[in-house]
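Work through the exercises below with the model open beside you. Try each task before you read its solution.

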Amino acid sequence: MNRRDVMQQMGVIMGGAIVSPSLLRFLEGKKPLIRAGEARLFFAADKEKLAAEIADTIIPPTGTPGAKEAGVGPLIILLLNDCYSAKDQKIMNDGFDMVETMSNDMYKKSFVDLSLADRTEVLKKVEANAIADKKAGVKGPNFWPMIKELSMMGYFTSEAGATKALEYVPVPGAYHGCIDLKPGQKAWAT
C-alpha cells in the first residue's frame with residue numbers, strides 16, 4: 001500500500017466519523033424538548049408585546065437604542081417557547097399576568113399603555129415582591145430574575161446592544177489579557 005492510498009482511506013474514515021453523528025441525528029428526527037404528558041404553553045402576541053415593553057423598561061432608549069428597538073421582545077418569546085421547560089414557562093406566564101394585574105390595580109391601564117415612569121413603578125413593585133419572596137425563603141425560580149436576565153441577554157447579544165451600547169471591534173486583533181479602560185469607555189462586546 002502506498003502513502004497516497006493510506007491518506008485517502010484516512011480521509012474517508014475521518015469524514016465518516018465527523019458526519020455520522022450529524023447524519024444519525026438528522027435521520028432520528030427532531031426530538032421534543034419536553035417529556036411525554038407535559039403540557040407546553042405557547043405565548044400569544046399580547047405576551048410578546050408585554051415582554052417587549054418590560055424589556056424596554058429595564059433597558060430604555062437613552063443615547064443608545066432600547067431593548068424594544070433591538071428586538072428583545074420576540075426573542076424572549078422565542079426562547080420561552082423553544083428552550084424553557086413547561087414549569088419555567090408557567091412561571092413566566094404567571095409573571096406576565098401578575099405584571100398586568102399590578103398595572104391595572106395601580107393605574108387602571110394595561111402595562112403596555114403606561115408611561116415609562118409608571119411602567120418603572122410597576123416593575124419596582126415586582127422586584128420588591130421578588131426580594132421579599134427570597135427573604136421569606138421561597139425556593140425555586142422567580143419571574144423577576146428570569147425576565148431581567150432574558151432582557152439583558154437579548155439586548156447585549158443583539159446587534160444594537162453589542163455595537164452601540166458596548167465597545168465593539170468586528171475583527172479583533174491580538175489577544176491582550178488586560179487592557180485599561182479609559183474614563184467613560186464602554187465595556188467590550190468582543
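**Exercise 1. Burial and surface**

Solution. The model is a predicted one. Start with the 190 residues of the chain: 29% of them are buried. The accessible area of the chain is about 12700 Å². Carbon and sulfur atoms account for 60% of that area.

**Exercise 2. Elements of the chain**

List the helices and strands in order, then look at how far apart in sequence the contacts reach.

Solution. Count the elements: the chain has 7 helices and 0 strands. Read from the N terminus, the order is α-α-α-α-α-α-α. Now take the contacts between residues at least 6 apart in sequence. Of these, 58% link residues at least 24 apart.

**Exercise 3. A helix pair**

Work out how helix H2 and helix H4 are placed against each other.

Solution. Locate H2 at residues 45–58 and H4 at residues 86–107. Their axes come within 11 Å and cross at roughly 70°. An angle of 65 to 115 degrees counts as roughly perpendicular, so H2 is roughly perpendicular to H4. Next, name the residues in contact. H2 brings Lys47, Leu50, Ala51 and Ile54. H4 brings Asn93, Phe96, Asp97, Val99 and Glu100. Finally, sort the residues of this contact: 5 are nonpolar, 1 is polar and 3 are charged.

Conventions
Residues numbered from 1 in each chain as written. Predicted model: local features only at pLDDT ≥ 70, side-chain atom pairs only at ≥ 80, totals over all residues. Heavy atoms only, no water. Helix = DSSP H or I, 4+ residues; strand = E, 2+ residues; numbered from the N terminus. Buried < 20%, exposed > 50% of the residue type's maximum accessible area, 1.4 Å probe, protein only. Contact = heavy atoms within 4.5 Å. Areas by Shrake-Rupley, 256 points an atom, 1.4 Å probe, with all protein chains shown as cover. Axes fitted to C-alpha atoms, helices over the stretch in contact; angles between N-to-C directions. Parallel < 35°, antiparallel > 145°, perpendicular 65-115°, else oblique. Nonpolar A, V, L, I, M, F, W, Y, C, P; charged D, E, K, R; others polar.
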